[in-house]
Amino acid sequence: MKSLIVVPNRCTGCHRCEMSCSFVHFKTMNPSKSAIHVIRVDHAPIDAPIFCVQCGLCIDVCPAKAISRNNKTQAVVVDYEKCTGCGNCVNVCPYGAVTVDPVTKKAIKCDLCGGNPECVKICPESVLQYLESNAASHYKRMTYANLQRMELKPLIPYPRKG
Amino acid sequence: MEMKVILKYAGIVHEITGKLSEEIELGAETSLSDILRRLALQYGLRFKEHVFDYKANKPAPQILILLNGKIIQDYDRKINDGDFVSIMPMVSGG
Amino acid sequence: MVEWHGYKGKILRVNLTKKEVKVEELKKDWCKLYIGQSGFGAKILWEEMQPKTDPLSPDNMLISSTGPFTGTLIPGSGSISYQFKSPATEAWAETRSGGSFGPKLKFAGFDLIVVTGKAEKPVYLWVHDGTCEIKNAEQLWGKTVHETTDRILREIGQPEASVACIGPAGEKLVKFAAIMNDYDRAAGRTGGGAVFASKNLKAIAASGEEGIEAADPDKFYEAVMEASETMRKYFFQELIGGLGTIGLVNALNAAGTLPTKNFATCFFPAADTVSGETLAEKYLIKRRACFGCTIGCGRYAWVPFGRFMTPPHEGPEYETTDMIGIQSLLEKENLEAIIRANYLCNNYGLDTISTGNVIAFATEAFEKGVITEKDTDGLKLEWNNPNLLLTLIGKIAKREGVGNLLAEGVKRAAEKIGKGADKFAVHVKGLEVPAHDPRGESRSFAIQYAVEPRGACHMHPNWAGAYDFVPLDNGLKPHGLPWPPPDKFAETGVKRGVAYKLLALHGELAEMLGICRFYLWGGEDFGLTCLTPKRLATLYSTLTGFKMDEFELMKAAERVWNLKRCFNVREGLTRKDDKLPKRLLEPIMTGPTKGQAVKDPDGILDEYYEASGWDKNTGIPTRRKLEELGLKDVADKLKL
């Protein structure tokens, strides 16, 4: 059983995963229709792909019972026929990994591409990987360990003038 | 008659030799392949594998050997005093 | 309703004088003829701009354009290009940048923006969701690039938007002011920042949720995956991706082609102290990529302590390091000062290439006594002085003291100084020569610097060394590329004109399709791991639905290349302006390439004109060539 993970600090912020995801699912190259989102913050800098960790919090809040766990991949998947675009899943997701398409009014979330994630195939830096459970767990731990990282002192001041 | 030749390295050649530049002294009638063979013997297997295969008399695929800035393919060419020999990876514009 | 693929099919027209915004449909037949980006810019400027327009007047037109490939899954699709008449050269100007601004413009629903007129008070444009708002920028005027970007993003409430803006240098109409986007990416050359300011335009923000479609999604996906897999083995990945463009410093120095001391020589013994390796060891935070890029040549760097303390930002590039650092800072290497200088230029909005060139020029002028303390308000100009370098950058940006003279660019500064200063003013047509030397790297640069419509450029239309500096064919053999390449120092009699023509057209393709040029370089002996004309043709046909093969694409490139030339002819430029600066005809003073000089610039140019179908005496494209390219009306207009 494999998991989608990110290798921290390696992403260069190229957005190829976003283009690939939206293209394979919706035949359009559009970051707003992607289930993976690359957050780029300058100055810091931060380049981070954010995607669904398949925790399943959204399953119970869906009033249309449109969300369920796929047996084969264990991915949490949205049934487009049933989805009403109410946005409950978007509200409950702590990672910001689900969105509702403003045009089609359907929830967009990662389905692991049925077991062969496209974002993994396209990533030029091997940041996104689809690994067996224990190997994957190491990278998940690394991501959370980063949240506990100590800020480097001294913090550099940010002079804006010349 | 002693001649002095200046060698310039970059990229992986810099890595393998640990230097960016060195000067060597040679006798007259030294050819480029003589110099490269001497460097290969000095710097070992990595030089032979990644820079210049002196047995086949050929540089490694991504290596450029320049004599006074010019790409050289005739390694039997005799070197003159004060010549620059650059051994570097192929580089692009930027 | 035309269905568009690859393209968005919409042109945004903004008249700042009348405060009018209009949306126009892109003409379908323009696509196969001019392809996109600066191809569309060339067509519009040819048709709509009056010759002899003052570049800093409201009549100048400013076009921000993207290509069909921009913002797509095609590798290298982060691209934005601006076309206008340059205040520095009074000729064709195009200046390109990476980052996300181009893609965001397409997600906002547009292929290009055409800005005319001048706003009454400073404004910025917010282009989004198929419309454009003209917003007040009075409180932004005077602010640095980084601060402007932060404020606009906050004001429009779209953290994912992309902002292109100018800094204080543009506002002061410095002739080489840059248009910056995404904080640190620069469309630096030809003075676009001054044109922005002359229209009271401070910035353009772009955001949107539209997508880009492919005409044949399955075949397009196949072509994209093939290209992406190929680029994993990009020949220069370790150098450009691994070390950044600054990785060129040690290598070009080893080859004896690292311009130093205002191009007096091409060899810098302390090069390693300002090399990509040193950057990686001491000041690098992480690598970064532009939108859609598989190479990732961006460097995020800082100087955490000391006199040259600099916050994290993107840079420095090879050009910056050489032009600002090595050209004026000699024995006393100082990468920290260069990083700080880059940060200043990014925030003031200055082209680092021209800035470095003009400072080195001024230093040589002072050394030769051609200018003195009287001209510099007592400031003593000298080599090896990093503090002075940073002071001069500030003075240029603010047009203070000697900065006011230097802000005019090296051509005008030399003219004003007189006394033979033009002998070491290193420029062509008024655009300062960058850090690639025809004497040391390849005589192909002798052609490119002379004929490139915007002036001396190492990258427009292509990297001129991608043929004989490193033997590469880039997939041009089917188009008749003479192979194997000649000795890089050979000038005439080696079919250099024919070879360069193909190299130039391949580069023009990148400039029209809307991708980064780094993707063009590869060799058949090394797996041809690059975007050859053949790959580009497949990608173009499957993406847009307009079927073109590689030969038709190259023909379109030739059309646009000639159209840009004709724009310049209409402005009065001919063979006399295709002249190399005197310094490049003088021998290199030290190092592996000591003694090399361009010996027969006229002979080289003759061969290129012949290969191109241009009149040998005037350098003007012949009627026959123009009609062959379907530009009969252009030939008529020029009365050929």
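This is a predicted model: local features need pLDDT of at least 70, side-chain atom pairs count only at pLDDT 80 or more; totals for chains, interfaces and linings use all residues.
Q: Before we get going, what makes a residue buried or exposed here?
A: A residue is buried if 20 or more other C-beta atoms lie within 10 Å of its own, and exposed if 12 or fewer do.

Q: Okay, so take helix H1 of chain A. How many of its residues are buried?
A: Eight of the 11 residues in H1(A) are buried, so the helix is mostly covered.

Q: Which ones are they?
A: The buried residues are A:Arg16, A:Cys17, A:Glu18, A:Met19, A:Ser20, A:Cys21, A:Ser22 and A:Phe23.

Q: And what covers them?
A: From chain A, the cover includes strands S2 (37–41), S3 (46–50) and S8 (128–132), plus helix H4 (118–122).

Q: What happens just after H1(A)?
A: A:Lys27 sits there with a positive phi of about 55 degrees.

Q: You brought up chain C. How many residues of chain A are in contact with it?
A: On the chain A side there are 27 residues, in contact with 36 residues of chain C.

Q: Where does the largest share of that chain A side come from?
A: From H1 of chain A again, residues 16–26, which gives five residues.

Q: How do the residues on that side divide by class?
A: The side of chain A that touches chain C has nine nonpolar, 11 polar and seven charged residues.

Q: Let's zoom out. What does chain A as a whole come to in helices and strands?
A: Chain A has five helices and eight strands. Going along the sequence, they run β-α-β-β-α-β-β-α-β-β-α-β-α.

Q: What box do its C-alpha atoms fill?
A: Along the principal axes, chain A takes up roughly 55 × 40 × 30 Å. Of its 162 residues, 37% are buried. Looking at contacts in chain A between residues at least 6 apart in sequence, 56% join residues at least 24 apart.

Q: Switching to chain B. What's the secondary structure there?
A: Three helices and seven strands make up chain B, in the order β-α-β-α-α-β-β-β-β-β.

Q: What radius of gyration does chain B have, and what would a compact globule have?
A: Chain B has 12 Å, and a compact globule with 94 residues would have a radius near 12 Å, so the two agree. The box for the C-alpha atoms of chain B is roughly 40 × 30 × 25 Å.

Q: How much of chain B is buried?
A: Buried residues account for 35% of the 94 in chain B.

Q: How many residues of chain B are in contact with chain C?
A: There are 22 from chain B, in contact with 32 residues of chain C. The largest share of the chain B side, four residues, belongs to strand S7 of chain B. By class, that side has 12 nonpolar, eight polar and two charged residues.

Q: I clicked on C:Gly71. Where is it found?
A: C:Gly71 is in the loop between strands S3 (62–65) and S4 (80–85) of chain C.

Q: Why does C:Gly71 count as buried?
A: Because it has 31 C-beta neighbours inside 10 Å.

Q: What does C:Gly71 touch?
A: Setting aside residues up to four places away in sequence, the partners of C:Gly71 include A:Met29 from chain A, along with C:Pro103, C:Phe107 and C:Phe291. C:Gly71 also lies 7.1 Å from C:Gly292, C-alpha to C-alpha, although they are 221 residues apart in sequence.

Q: Last topic: how many residues are in the largest nonpolar core?
A: The largest nonpolar core has 245 residues, and C:Tyr124, C:Val127, C:Ala205 and C:Leu350 have the most contacts inside it. Among the residues C:Val127 touches are C:Leu12, C:Phe110 and C:Ile204. Another core, of 33 residues, lies apart from the largest one and includes A:Ile36, A:Val38, A:Val76 and A:Leu112.

Conventions
Residues are numbered from 1 along each chain as its sequence is written. Chains are lettered from A and ligands numbered from 1 in the order in which they are written. Two residues are in contact if their C-beta atoms, placed from the backbone, lie within 7 Å. Helices (H or I, at least four residues) and strands (E, at least two) are DSSP runs, numbered from the N terminus. Ala, Val, Leu, Ile, Met, Phe, Trp, Tyr, Cys and Pro count as nonpolar, Asp, Glu, Lys and Arg as charged, and the others, Gly among them, as polar. The radius of gyration is taken over C-alpha atoms; the globule rule is 2.2 Å times the number of residues to the power 0.38. A nonpolar core is a set of buried Ala, Val, Leu, Ile, Met, Phe, Trp, Tyr and Cys residues joined through C-beta atoms within 7 Å.
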